[in-house]
Amino acid sequence: MIKIEHLHKTYRSGFLMKPKLALKDVSFSVEPGQVYGFIGPNGAGKSTTIKVLTGLLNFDSGKVLVNGISPRNVKSRQFIGYSPEQPYFYDYLTGRELLKFYGKLVGLTGAELDKRIDWSLDLLHANKDWIDRRLRSYSKGMMQRVGIAQAILGKPKLLILDEPMSGLDPMGRRDVREAIMELNRTGVTIFYSSHLLSDVESISHKVAMIVDGKIVREGTVDEITESCGVEYHVRTREAIPQAELPEGVSPAGHPQECVCADDAARDRLLRYCLEKGIAVERMDHKRPSLEDILTEEIARADA
């Protein structure tokens, strides 16, 4: 559905128009039917990549295909729904009037248009009294829901969302997560960026992590987190002297708890406990979160 190979994009700014490389050899692919999360810090290149995919920005070099067509070809946008991070709409219209306007742009009319508007609003739990108020009175969360609703009016094969949960309260985030999963169950491929990494972990089939214009990690959430190793937190019935802790085992905050850096350290600790007759009361394994890994990658890029 999406294929990007060795993508480079340069911006020029300032009086001397000095070049700044925003995307550096970016490569990844999104298969049909996937929910694909795109994460990274501010200014990393997420929105630039999305604008390249939607044809809003040209690129310097590389290969970009959307449903097998270059975004430089207007036909690539035929089956795309898109909602930007900060949508700008005609604020003198009501939400429903705006959706009628966009519905007509995708060829909907009459009863079919009204039915499609109700479907999109119901999916986002936005079919409420405020939808008939003028957009200029909307909160950011309301505007986000309307933006996503207009993006799905044409029932696209590929839905591209830039920070779809930005500005939403917890209930709104839940509604958008459920809408994304429901659309995906009907076969829609979804590519979205987000700073809310707990949401990314819960709904994404695959994730790409971009830092300073470069893809630093890509894969399923399990693949990414497992590649950074697993810590084991062990609680024993009695305290183990720190001097006797096996290699790779360090004390935790509690005198009867310690942390094993990997599987081998865990096995050494268990052998020690068996030899000394020390009972193990609990053992938990802890993988790093996407937030932990992203923070580490940002620190590495800044070093």
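Me: Let's start with S166: buried or exposed?

Reply: Keep in mind that this is a predicted model. S166 is buried, with a relative accessible area of 18%, and the cut-off for buried is under 20%.

Me: Where does S166 sit, and what does it touch?

Reply: You'll find S166 in the loop between β6 (158-162) and α5 (170-185). Setting aside residues up to four places away in sequence, S166 touches K140 and Q144.

Me: There's another serine I'm curious about, S194. Which loop is that one in?

Reply: S194 lies between β7 (189-193) and α6 (197-203).

Me: And how buried is S194, in relative accessible area?

Reply: Its relative accessible area is 3%, so S194 counts as buried. Leaving out neighbours within four places in sequence, S194 is in contact with F38, I39, E163 and V200.

Me: How far is S194 from E178?

Reply: Their C-alpha atoms are separated by 15 Å, and the two residues are 16 apart along the chain.

Me: Switching to helices. How do α2 and α4 cross?

Reply: The axes of α2 (residues 95-105) and α4 (residues 140-152) come within 9 Å and cross at roughly 25°. That angle is under 35 degrees, so α2 is roughly parallel to α4. The crossing of α2 past α4 is right-handed.

Me: Which residues make that contact?

Reply: On the α2 side there are L98, L99 and Y102, and on the α4 side V146, A149 and Q150.

Me: How does that set divide into nonpolar, polar and charged?

Reply: The contact of α2 with α4 has 5 nonpolar residues, 1 polar and no charged.

Me: OK, what about L124, where is that?

Reply: L124 is in the loop between α3 (110-123) and α4. L124 is buried, with a relative accessible area of 1%.

Me: What does L124 touch?

Reply: Not counting residues up to four places away in sequence, L124 touches R145, I148, A149, D175, V176 and A179. One of them, A149, is also part of the α4 side of the contact with α2.

Me: Why would you call α1 largely enclosed?

Reply: Because 6 of the 8 residues of α1 (residues 46-53) are buried, the helix is largely enclosed by the rest of the structure. The buried ones are K46, T48, T49, I50, V52 and L53.

Me: What follows α1?

Reply: G55 does, and its phi is positive, near 80°.

Me: Speaking of positive phi, what's the value for K155?

Reply: Near 50°, and K155 is a residue other than glycine. K155 is in the loop between α4 and β6, and at 49% relative accessibility K155 counts as partly exposed.

Me: And D212, what is its phi?

Reply: About 55°, so to speak on the positive side, although D212 is not a glycine. D212 is found in the loop between β8 (206-211) and β9 (214-219). At 40% relative accessibility, D212 is partly exposed.

Me: Last topic: how is the chain divided into domains?

Reply: The chain is divided into domain 1 (2-225) and domain 2 (230-286).

Me: How far apart are the centres of domain 1 and domain 2?

Reply: The C-alpha centres of the two lie 46 Å apart.

Key:
Residues are numbered from 1 along each chain as its sequence is written. This is a predicted model: local features need pLDDT of at least 70, side-chain atom pairs count only at pLDDT 80 or more; totals for chains, interfaces and linings use all residues. Side-chain values use heavy atoms; hydrogens and water are left out. Helices (H or I, at least four residues) and strands (E, at least two) are DSSP runs, numbered from the N terminus. Buried means under 20% relative accessible area, exposed over 50%, partly exposed in between (1.4 Å probe, protein chains only). Contact means heavy atoms within 4.5 Å. Axes are lines fitted to C-alpha atoms, for helices over the stretch in contact, and angles run from 0 to 180 degrees between N-to-C directions. Angles under 35 degrees count as roughly parallel, over 145 as roughly antiparallel, 65 to 115 as roughly perpendicular and the rest as oblique. A crossing is left-handed if the near helix is turned anticlockwise from the far one by less than a right angle, and right-handed if clockwise. Ala, Val, Leu, Ile, Met, Phe, Trp, Tyr, Cys and Pro count as nonpolar, Asp, Glu, Lys and Arg as charged, and the others, Gly among them, as polar. Domain bounds come from an automatic or database domain assignment.
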